[in-house]
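Welcome to a short tour of one protein model. Please have the sequence and the 3D view open side by side, and follow along residue by residue.

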Amino acid sequence: MPNGGFCRLPGGSVVVAIGLPSPAGDGATVRFLVHAANRARALTRLRNLGLRAVYLRGNTEPPTPDEITAVLHHPDGMLWRGTAAQELWHPIRSLPKAPVAPAA
């Protein structure tokens with residue numbers, strides 16, 4: 001089960017933070033931040049990126065105030081970073097893709 005949580009903002013929108021396995025398939029964990037109108041829409045935005053099994057159960061690791069500020073100031077409303085604490089946030093379009101298997 002992925003670890004994560006959400007925070008409802010005063011305007012009614014939410015920020016979802018969720019840790020998932022890296023799409024690159026290298027065994028690392030990636031923390032995603034998504035700003036959306038509601039939780040379901042935030043998870044749908046992640047699923048549309050190819051992260052098919054994205055579910056948020058519980059609120060064990062909600063976004064920190066710094067994470068909320070980061071995602072609110074980004075034009076796409078979606079960010080990611082590896083689990084290293086010193087790593088900077090990256091725009092979602094720079095997310096590494098899964099390696100493509102060669103055709104047999």
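Does Ser13 count as buried or exposed?

Ser13 counts as buried, because its relative accessibility is 17% and buried means under 20% relative accessible area, with exposed over 50% and partly exposed in between (1.4 Å probe, protein chains only). This is a predicted model, in which local features need pLDDT of at least 70 and side-chain atom pairs count only at pLDDT 80 or more, while totals for chains, interfaces and linings use all residues. Residues are numbered from 1 along each chain as its sequence is written, and side-chain values use heavy atoms, with hydrogens and water left out.

You will find Ser13 in the loop between β1 and β2; helices (H or I, at least four residues) and strands (E, at least two) are DSSP runs, numbered from the N terminus. The side chains of Ser13 and His35 are joined by a polar contact of 3.0 Å. Such a contact is a pair of N or O atoms within 3.5 Å; within protein, one must be able to donate a hydrogen and the other to accept it, and residues adjacent in sequence count only if both atoms are side-chain atoms. Not counting residues up to four places away in sequence, Ser13 touches Cys7, Arg8, His35, Ala36 and Ala37, where contact means heavy atoms within 4.5 Å.

## The sheet

Next, the strands. An open sheet is formed by 5 strands in the order β1-β2-β3-β4-β5, with antiparallel pairing. The edges are taken by β1 (3-8) and β5 (90-91), each with a single partner strand, so one side of each has no neighbour in the sheet. Two strands pair here if DSSP finds at least two bridges between them. Strands of a sheet pair through backbone hydrogen bonds, either parallel or antiparallel.

Working across the sheet, 6 bridges join β1 to β2, 8 bridges join β2 to β3, and 5 bridges join β3 (residues 29-36) to β4 (residues 78-82). The hairpin of β1 and β2 has 5 residues between its strands, and Gly12 in the turn has a positive phi of about 100°. Ile18 stands opposite Phe32 in β3, and Phe32 in turn stands opposite Trp80 in β4. As for β2, 7 of its 8 residues are buried, so the rest of the structure largely encloses this strand.

## Asn3 on strand β1

Asn3 lies in β1 and counts as partly exposed, at 30% relative accessibility. Its bridge partner in β2 is Gly19. Asn3 and Ile18 are 15 residues apart in sequence, yet their C-alpha atoms are 5.8 Å apart in space. Leaving aside neighbours within four places in sequence, Asn3 is in contact with Ala17, Ile18, Gly19, Thr60 and Glu61.

## Helix α1 and Leu46

How is the start of α1 capped? Asn38 caps the N-terminal end, with a side-chain oxygen 3.3 Å from the backbone nitrogen of Ala40. In α1, Ala42, Leu43 and Leu46 are buried. They cover an arc of only 95° around the axis, which puts them on the same side of α1; the arc is that of the directions from the helix axis to the C-beta atoms. On the other side of α1, Ala40 and Arg41 are exposed. The cover over the buried residues of α1 includes β2, β3 and β4.

Leu46 is found in α1 (residues 39-47) and has a relative accessible area of 0%. Not counting residues up to four places away in sequence, Leu46 touches Ile18, Phe32, Val34, Leu51, Val54 and Met78. Leu46 and Met78 are 32 residues apart in sequence and 8.9 Å apart in space, C-alpha to C-alpha.

## Helix α2

Helix α2 (residues 65-72) lies across β1, β2, β3 and β4, running at about 60° to β3. Axes are lines fitted to C-alpha atoms, for helices over the stretch in contact, and angles run from 0 to 180 degrees between N-to-C directions.

Which residues of α2 are buried? Glu67, Ile68 and Val71 are. They cover an arc of only 100° around the axis, which puts them on the same side of α2. Pro65 and Asp66 are exposed on the other side of α2. The buried residues of α2 pack against β1, β2, β3 and β4.
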